[in-house]
Amino acid sequence: MNTQAMKTSRFRFSRRQAGGRCGGVAAAAAVVVAVMTAGVLAPPSAFAAPKHDTVQQGLNALVRDGQPAALASVKDSEGRTRTYTAGVGDLATGAKVPRDGQVRIGSNTKTFTAVVVLQLVGEGRIDLDADVDTYLPGLVRGEGIDGRQITVRQLLQHTSGIPEYGKDISDDELPYRYFEPRDLVDIALKHKAEFAPGEKWSYSNTNYVLAGLIIQKVTHRPLAEEIDRRIIKKIGLRHTYFPTVGDKTIREPHPRGYHRTKAGEPLRDFTEIDPSVAWAAGQMISTNSDLNRFFDKLLGGDSLLSEAQRAQMRTTVPVEGTPFRYGLGLMSRPLSCGGVYWGHGGDIAGYETRGGVTDAGRAANVTVTSIPTEKAAINGVQKVVDTALCS
């Protein structure tokens, strides 16, 4: 699969590296199947797992196919929640996977960034259809790129034509290199525009770095502080945060994340990286249960956005070559049982998370501890989400 096709179908932060699992990783996966477990949250929200639970079976299959670990949290329409784990949390020690452990959530961060922008729209401080130069005068200039011709809406919807910066950053840099947001924009602007603004859709993390800079310009406060004040604290996401400058760790119990930077090489431990390479596009850390709460509160009430703002978020354009549609930091994907679910998803070296909520109030998020590269594995994560939301 080429880079563009992967971007259109995967909505990730880091660039996918081609190649299959090596024998050593496959053997490790076979061993860890023996320690797979399923569990239930404490009352009052817990409910008993069926003897043959299809979500647990799906996670087990992901581990058999080479994932070090897989985690999930599922909430039914009555508000009852179940958490799951499979595999091992640390390949070196064989430690158990922490129940609902913290993970890097990659591009799910984009939804948080989009929510803050839309809150500022509701406060009359940002206009979705104003050009980027209104807020960042003279910053966005390049070959075929002019911030006077690109709107805030086009940034959030990936219809700006602004190129991706990630293709110029190697995964080997992630564990140690710090990037300023302006560094990321400058890298992207070395490339020519992908297309004229509004002409079509193409996923670019640069769009959300610019959206984060607009938030800071308008509020005169750090992006992390605005996300924390306006979203995390407001709806009680107790295990979610935006890492501070220089913080490479994951604060609470977590499975270790693994990554291969070249085809055919063994998985390497990428748990501790400098996430500044993702910033407003993918820097945050959370849990599957917190993500379920976030998307549920976002789409199921007015605690974060008004109905008018949610309607803007859910106004979508097609993602070429897929059945997916993209709104303002929010995606819809079809379900095998009919209808769609709303969420985002995210990859960053070491972790992949997929999930969302249905209009009926079901919510599910699934995380694996390496980025799948083979088609069957990629589809496998999505299949578990579909199973959780349809069962």
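The model is predicted, so local features need pLDDT of at least 70 and side-chain atom pairs count only at pLDDT 80 or more, while totals for chains, interfaces and linings use all residues. Residues are numbered from 1 along each chain as its sequence is written, and side-chain values use heavy atoms, with hydrogens and water left out. The chain has 11 helices and 16 strands; helices (H or I, at least four residues) and strands (E, at least two) are DSSP runs numbered from the N terminus.

**Overall make-up**

- Of the 391 residues, 59% count as buried, where buried means under 20% relative accessible area, exposed means over 50%, and partly exposed lies in between (1.4 Å probe, protein chains only).
- The chain exposes about 14800 Å², and carbon and sulfur atoms supply 51% of that area; accessible areas come from the Shrake-Rupley method with a 1.4 Å probe, and for residues only the protein chains shown count as cover.
- Of the contacts between residues at least 6 apart in sequence, 70% join residues at least 24 apart; a contact means heavy atoms within 4.5 Å.

**Salt bridges**

- The whole structure holds 21 salt bridges, each defined as a side-chain nitrogen of Lys or Arg within 4 Å of a carboxyl oxygen of Asp or Glu.
- Asp-359 and Arg-314 form one of them, at 3.3 Å from N to O. Asp-359 sits in the loop between strand 15 (351-358) and strand 16 (363-368), and Arg-314 in the loop between helix 10 (307-313) and strand 10 (317-318), so the pair ties together parts that are 45 residues apart in sequence.
- Asp-359 is exposed, at 59% relative accessible area, whereas Arg-314 is partly exposed, at 28%.
- Arg-354 and Glu-352 are joined by a salt bridge of 3.6 Å, N to O. Arg-354 is buried at 1% relative accessibility, and Glu-352 is buried at 0%.
- The side chains of Arg-148 and Asp-146 meet at 2.9 Å, N to O, in another salt bridge. Arg-148 is partly exposed at 47% relative accessibility, while Asp-146 is buried at 19%.
- A network of salt bridges links Glu-123, Arg-125, Glu-226, Arg-229 and Arg-230.

**Helix 8**

- Helix 8 spans residues 223-235 and has 13 residues; its first and last C-alpha atoms are 18 Å apart, close to the 18 Å expected at 1.5 Å a residue. The expected span is 1.5 Å times one less than the number of residues.
- Helix 8 bends by about 35 degrees at Arg-229; the bend is the angle between axes fitted to the seven residues ending at a residue and the seven starting there.
- Its buried residues are Leu-223, Glu-226, Ile-227, Arg-230, Ile-231, Ile-232 and Ile-235. An α-helix has 3.6 residues a turn, so residues three or four places apart point the same way.
- The cover over the buried residues of helix 8 includes helix 4 (109-122), helix 7 (205-219) and helix 9 (288-300).
- Gly-236 follows helix 8 and has a positive phi, near 70 degrees.

**Leu-210**

- Leu-210 lies in helix 7 and is buried, at 1% relative accessibility.
- Leaving aside neighbours within four places in sequence, Leu-210 is in contact with Leu-136, Leu-139, Val-140, Leu-155, Ile-162 and Val-185.
- Leu-184 is 26 residues from Leu-210 in sequence, and their C-alpha atoms are 9.5 Å apart in space.

- Strand 2 (residues 69-75) runs antiparallel to strand 16 and is joined to it by 6 bridges; two strands pair if DSSP finds at least two bridges between them. Leu-71 stands opposite Thr-367 in this pairing.
- Strand 15 is also antiparallel to strand 16, with 6 bridges joining the two, and Val-357 stands opposite Ala-363.
- Strands 15 and 16 form a hairpin with 4 residues between them, and Gly-361 in the turn has a positive phi of about 100 degrees.
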